[in-house]
Amino acid sequence: MSLFVNLFLSLVSVGLYLSLFVCLSLHLGHHMVVCFCVCLCVSLQEAELAAQILLDQGQIHSVETPYGSVTFTVYGTPKPKRPAILTYHDVGLNYKSCFQPLFQFGDMQEIIQNFVRVHVDAPGMEEGAPVFPLGYQYPSLDQLADMIPCVLQYLNFSTVIGVGVGAGAYILSRYALNHPDTVEGLVLINIDPNAKGWMDWAAHKLTGLTSSIPEMILGHLFSQEELSGNSELIQKYRNIITHAPNLDNIELYWNSYNNRRDLNFERGGDITLKCPVMLVVGDQAPHEDAVVECNSKLDPTQTSFLKMADSGGQPQLTQPGKLTEAFKYFLQGMGYMASSCMTRLSRSRTASLTSAASIDGNRSRSRTLSQSSESGTLSSGPPGHTMEVSC
């Protein structure tokens, strides 16, 4: 609240200075006007600083929807003829714990200076959220997707580039299927587009008899190798989830994710994502097979597949640099940030794609990328093959 007060007072003082400036210029001498202009510049700087601090900390909004209230945080200001970047987090996390390491990464600053960002928190997941009353009917993932139009209408945003992880990736995909004209691109990390089968359902129920909700969610977020290693990152997120004051809310979100419907993607069919898509998964991550299957069902001319080595279950947390690099190239492929400095990954990838395009004579967007910190080779081939890139 103090930021708003400071900004308001600074703007009021600037207005008063401007009013006085007219009088001074008419009745006082040159030196008095010069002194006044110095004061005016200082006040303008104060107002600009207050506004910048306000934007850097984000502006929190809530909007009512047919399925309850949703909270989101906006960073930056809308840019002409550019979509907003809209994120949606995974189960057990909120927008800060899911995306802060990525969007605070140094090289990401070039991207976020060019786009306004909207970070959506699933209902009851925002910081300080009250626990829902017993018997509360939490929205399904489809209903969570149907909340997004209310957010965009509130902000008067027409199009977005979505970045989602896990459950958030599913929600953004469902939204894109329902509102294809408002989605310019999607970055989907750890997406599982399939409903749980009977075997999955039985395994989930059996696991629930022997494991706590926090442990089940940790197994969803991280690989078994990561959990066994118990690194500082694992300890941090185990503590966040285990001691979350809104753990009952988290369990509701978790249940909605496990009861999701099949997205029914079909390559060459009517149900598919119409926009450019970058699929991302870590090598040996819990959802690696699901993402590979998703890649096989999407339009190969619109889809990139990035499999990141040494990144575990949450690439945006463990490898923000490599993911930023790939995201920047993804944006360039969509026609944004054309003047941005190209990195080693994007240069190698561009060279390969240019060579492939010269062979088939058209501008193909099909590409599959497997990123390895150990491999130093680059091989290109027809769509569906893998390029190994050293980063």
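Gln284 sits in the loop that runs from strand S7 (277–282) to helix H12 (288–297); helices (H or I, at least four residues) and strands (E, at least two) are DSSP runs numbered from the N terminus. This is a predicted model, where local features need pLDDT of at least 70, side-chain atom pairs count only at pLDDT 80 or more, and totals for chains, interfaces and linings use all residues. Residues are numbered from 1 along each chain as its sequence is written, and side-chain values use heavy atoms, with hydrogens and water left out.

Most residues other than glycine have a negative phi. Gln284 isn't a glycine, yet its phi is positive, about 70 degrees. Gln284 counts as exposed because its relative accessibility is 53% (exposed is over 50%, buried under 20%, partly exposed in between, with a 1.4 Å probe and protein chains only). Asp310, in the loop between strand S8 (303–308) and helix H13 (315–318), also has a positive phi, about 60 degrees. At 48% relative accessibility, Asp310 is partly exposed.

## The nonpolar core

The largest nonpolar core has 89 residues, and Tyr88, Val118, Leu186, Tyr253, Leu279 and Phe327 have the most contacts inside it. Such a core is a set of buried Ala, Val, Leu, Ile, Met, Phe, Trp, Tyr and Cys residues joined through side-chain atoms within 4.5 Å. Helix H5 (residues 141–155) gives the most to this core, eight residues.

Take Phe327: leaving aside neighbours within four places in sequence, its contacts (heavy atoms within 4.5 Å) are Ile85, Met108, Ile111, Ile161, Val163, Val187 and Met278.
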